[in-house]
Structure formats: structure tokens, C-alpha cells
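Grab a pencil and work through the two exercises below. Each one comes with a worked solution.

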Amino acid sequence: MYSDTSFTKALQIQLRVIGALLMREIITRYGRDNLGFLWLFVEPMLFTLFVTALWTATGQAHGSNLPIVAFAVTGYSSVLLWRNCANRCSMAIPPNIGLLYHRNVRVLDLFITRILLEVAGASISFVVLASLFTSLGWMEPPADMVGVLYGWLLLAWFGASLALVVGALTAYSEVVERLWHPISYILFPLSGAVFMVDWLPSNFQRIVLLLPMVNGVEMLRGGYFGSAVRTHFDVGYLFVACLVMTLLGLALVRDAGRRVEVE
Amino acid sequence: MIQLENITKVYHTRHGPHTVLDGVNLQVGKGVKVGIMGRNGAGKSTLIRLISGAELPTSGRVRRGISVSWPLAFSGAFQGSLTGLDNLRFVCRTYGVNYTDVVPFVEEFSELGSFLREPVRHYSGGMRARLAFALSMAIEFDCFLIDEIIVAGDSRFHEKCRIELFEKRKDRALILVSHDVNTIKAHCESASVLHDGKLHSFEHVDDAYAYYQASLH
């Protein structure tokens with residue numbers, strides 16, 4: 001539609017629109033009462049906190065000598081990162097369909113807005129919890145900060161690309177939303193959050209590493225625990241998987257945007 | 001200039017594809033006022049959605065050389081949990097308009113008083129309509145789209161809307177969709193008729209009306 005508009009002008013408009021959508025989404029979702037937008041990261045923080053407490057109580061990582069608090073925080077935070085992105089983009093168009101009358105608001109902007117919010121929420125939650133537990137002495141600081149950041153950014157990219165695919169597919173059929181819930185449920189225990197790949201039998205390792213996020217979680221934990229763990233991952237595979245899913249997602253979003261029917 | 005080039009719009013229904021617009025062409029120059037007639041279900045609102053850009057055509061192109069509004073007084077983009085001013089702020093940000101510049105106008109025109117700071121879901125139908133019209137006038141466009149003139153509120157508010165749109169902005173282009181010929185006669189110089197997915201354009205509203213009448217039988 002902006003084929004007659006220069007790239008910089010189009011980019012300017014898109015950034016403006018995403019900024020407007022971000023403000024709108026934050027006030028709509030969290031309101032101005034009580035904690036307001038702080039819920040953005042307090043909510044995922046509570047999730048991680050409860051899971052950490054549960055795993056500590058039940059000794060989830062039993063059999064390994066890894067500190068359980070750090071294991072739970074790194075694991076569950078990474079799940080929230082990719083799962084919340086996809087969950088929020090699922091059926092993201094219907095509640096916002098009227099906004100499309102403002103021509104510069106496109107379907108892709110709706111998805112990008114929600115992805116940015118979820119990534120921000122999960123990231124702040126992770127940093128706050130890790131800092132808090134480190135200052136309390138319940139967690140050691142990360143062995144390799146760059147490694148942690150690298151793993152986290154790739155997981156965020158994976159979450160964003162997954163969200164584009166899932167979000168666009170729900171625009172074709174609501175069945176996708178119903179399917180996505182059980183799929184995300186089964187992906188959680190397989191995602192690497194609750195185990196280190198090294199603990200698995202080697203033939204199963206190869207299979208589970210086909211799931212892109214398992215590679216990301218391994219990178220994250222490798223950065224966090226350093227030489228205390230033996231990690232198995234393939235950065236190249238994760239990178240290519242994210243790239244392919246992003247391109248696929250963008251193509252699907254573009255097509256979904258063409259088919260969208262405003263009331 | 002707004003140019004619709006060979007626009008086709010096909011919707012997917014349970015009974016298979018349904019072609020609403022079939023090779024529609026239209027040109028609207030700066031300051032020109034065009035009426036569009038058609039019976040119920042002829043595709044008038046679809047045409048407005050395509051011109052506004054809310055939906056994209058199945059094939060063909062919409063070129064907009066001038067700025068085009070969203071449908072006048074459209075309130076479907078309001079978020080009920082946001083206040084009137086929040087909704088205004090969103091629209092201003094989207095169009096790159098300075099929010100503080102337009103607040104006085106919206107306050108004055110909408111006559112909503114302190115309700116502007118209340119969530120829109122607490123508004124009555126008339127209050128929503130007043131806010132919607134005020135927002136439409138807060139952002140300036142070269143061409144306004146109107147999908148049937150339905151203005152809620154009392155006659156004094158109608159008069160205010162008429163002055164704001166048809167007098168203060170009489171230099172703007174207008175695309176007015178209606179099945180009432182008197183509305184179109186009152187505001188438009190020329191008119192087109194949508195019939196069986198085709199758009200037939202006429203230089204005079206009377207000719208368009210005659211064609212429209214004939215198409216009903």
C-alpha cells in the first residue's frame with residue numbers, strides 16, 4: 001500500500017503506529033489502578049516464583065548437583081519468553097479489528113506490539129528475579145554474561161517468529177487456537193526447561209534438539225552455569241530455524257492481512 | 001487524487017466465493033464530492049472499507065494521492081476500557097498529530113465535559129457519537145469518507161456537525177455512500193451507482209438516480 005512511500009517514511013509511520021499501539025495496549029491490559037503497567041513483569045515473575053518454590057520443594061533436579069533455584073529461574077523464564085509471545089498473538093486480530101480503519105495500523109503492527117510487550121515482560125521478570133535471588137545468596141551470578149544474553153536473545157527471536165506463525169494461522173481458522181493450547185502444553189516439558197540435554201540418553205538427545213528452543217535453553221544455561229554443566233546445542237540450527245520461521249510468519253501475516261474482513 | 005483501478009473484491013462464504021466488486025474504477029479529484037448509490041448489499045460499505053484501507057482488494061489497486069479519512073464518526077475503533085482522551089491520544093499518535101493541540105477542540109465540540117476522562121464503555125450512544133464525530137474533525141484530511149450520514153444527538157448537535165463538515169471543510173473532497181438520493185443531491189456534484197458488482201459513474205446526480213431507479217426493477 002505504501003509502494004509510493006519511501007522506505008524511511010514508511011518506517012517512521014510504522015514506528016509511530018507501534019508506539020501508539022504499545023501505549024494503548026498497556027493501558028487497556030493493566031489500567032492505571034493498583035500496580036498498573038508493573039503487572040507487565042510482576043505477572044511472569046509470580047509464575048516463575050511459584051514454579052521455583054514448587055521445584056525447590058519437590059526437588060525437581062534431583063540426581064544432579066545443579067542449584068535448583070537457578071535451574072528453575074533460567075528454565076521457567078525461558079518458557080514464559082516464547083510461550084507468552086505465541087499465546088498473546090493467538091487470536092490477536094479480532095479484538096483489534098476496528099483499528100484497521102486507521103489505515104496505517106496493519107495486522108503486522110498488532111503482532112509486533114504484543115511480541116514487544118511479552119519479550120519486555122519476560123526479560124524484566126528474569127533480570128529482577130535473578131538479581132533478587134543473587135543478592136539474597138540463593139543464586140550465583142552468571143558465569144558468562146554474554147553467553148546468557150546470547151541465549152536469551154535467540155530465545156526471544158524464536159518466540160517472536162513462533163508468535164507470528166501461530167498468530168497468523170489463528171486468523172485462518174480458530175481451530176488453530178484450540179490446537180495451539182495442547183501443543184504448547186506438551187512443548188513445555190520437552191522445551192529443555194525441566195532437564196539438561198546431557199541427562200538424556202544420546203538417541204533421545206538428537207530428537208529433542210530438533211526443537212529449536214531446547215538449543216536456546218542449553219545456551220542460556222551454559223552461559224549461566226559455565227563449566228558446571230555439559231551443554232549440547234547447535235547455534236547454526238537455532239539461527240536457521242528462527243530465520244525460516246520468521247520468513248514463514250511474515251508471509252502468513254501478509255496473507256492473513258489480505259484476507260482480514262472488517263465488520 | 002484518489003484512484004481505484006480495476007478493483008475486485010471476493011469474499012469467502014460458506015457457499016463458496018462471492019464477488020462483491022467486479023472490476024470497479026473510480027477517480028476522485030481534490031475537492032470533488034461524489035455520491036455512491038446502491039441497494040442494500042450492493043457493496044457500498046465494502047467499497048468504503050477498500051478506499052479507507054481497512055481491507056485490501058482481492059485484485060486491483062487503490063492509489064491515494066491525497067490523505068483519506070477513516071469513515072466519518074466511526075466508533076468501532078474505540079476501546080471501551082480507555083477514556084475518551086486516551087482514545088483521542090491513540091488516534092493522534094497514529095496520525096502524527098500533536099495531542100495537546102486538538103484537546104481544546106475535542107472538549108469544546110463533543111460537550112462531554114468531565115466524561116472525557118471516563119472510560120468510553122460508560123458513555124451513552126449519543127455521547128459515543130459525539131466523541132466519534134469530534135475525533136473525525138480533530139485530524140485534518142483532504143478527503144472524507146461517509147458511510148451513510150447517521151448522526152445521533154439533538155438537532156443542535158446536527159447543526160454543529162453540518163457547519164464543521166460541510167461549511168468549514170467545504171474545500172475537501174467527499175465520498176458519500178447512501179441509498180437516499182436527497183442526501184446525495186444535497187452534498188454531491190456527481191454520483192455513481194453500484195449494481196451487480198459494477199460501478200456506473202454519472203456526471204449528474206439525476207442521471208445516476210434514474211439509473212438507480214431502473215436497476216431496482
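Call a residue buried if 20 or more other C-beta atoms lie within 10 Å of its own, with C-beta atoms placed from the backbone. The model is predicted, so local features need pLDDT of at least 70 and side-chain atom pairs pLDDT 80 or more, while totals for chains, interfaces and linings use all residues. Residues are numbered from 1 along each chain as its sequence is written, and chains are lettered from A in the order in which they are written.

**Exercise 1.** Work out the fold pattern of chain A and how much of chain A is buried.

*Solution.*
- Start with the elements, which are DSSP runs numbered from the N terminus: helices are H or I, at least four residues, and strands are E, at least two.
- Chain A has 9 helices and 0 strands, giving α-α-α-α-α-α-α-α-α along the sequence.
- Now burial: 44% of the 263 residues of chain A count as buried.

**Exercise 2.** Describe the open sheet in chain B and find its edges.

*Solution.*
- Strands pair here if DSSP finds at least two bridges between them.
- The 6 strands come in the order 5-6-7-3-8-9, with mixed pairing.
- At the edges stand strand 5 (68-71) and strand 9 (198-202) of chain B; each has a single partner strand, so one side of each is left without a neighbour in the sheet.
- Look inside next: strand 6 (residues 143-147) and strand 7 (residues 173-177) of chain B run parallel, joined by 5 bridges.
- Across that pair, B:Leu145 has B:Ile175 in strand 7 as its bridge partner.

Conventions: Buried ≥ 20, exposed ≤ 12 C-beta atoms within 10 Å, placed from the backbone.
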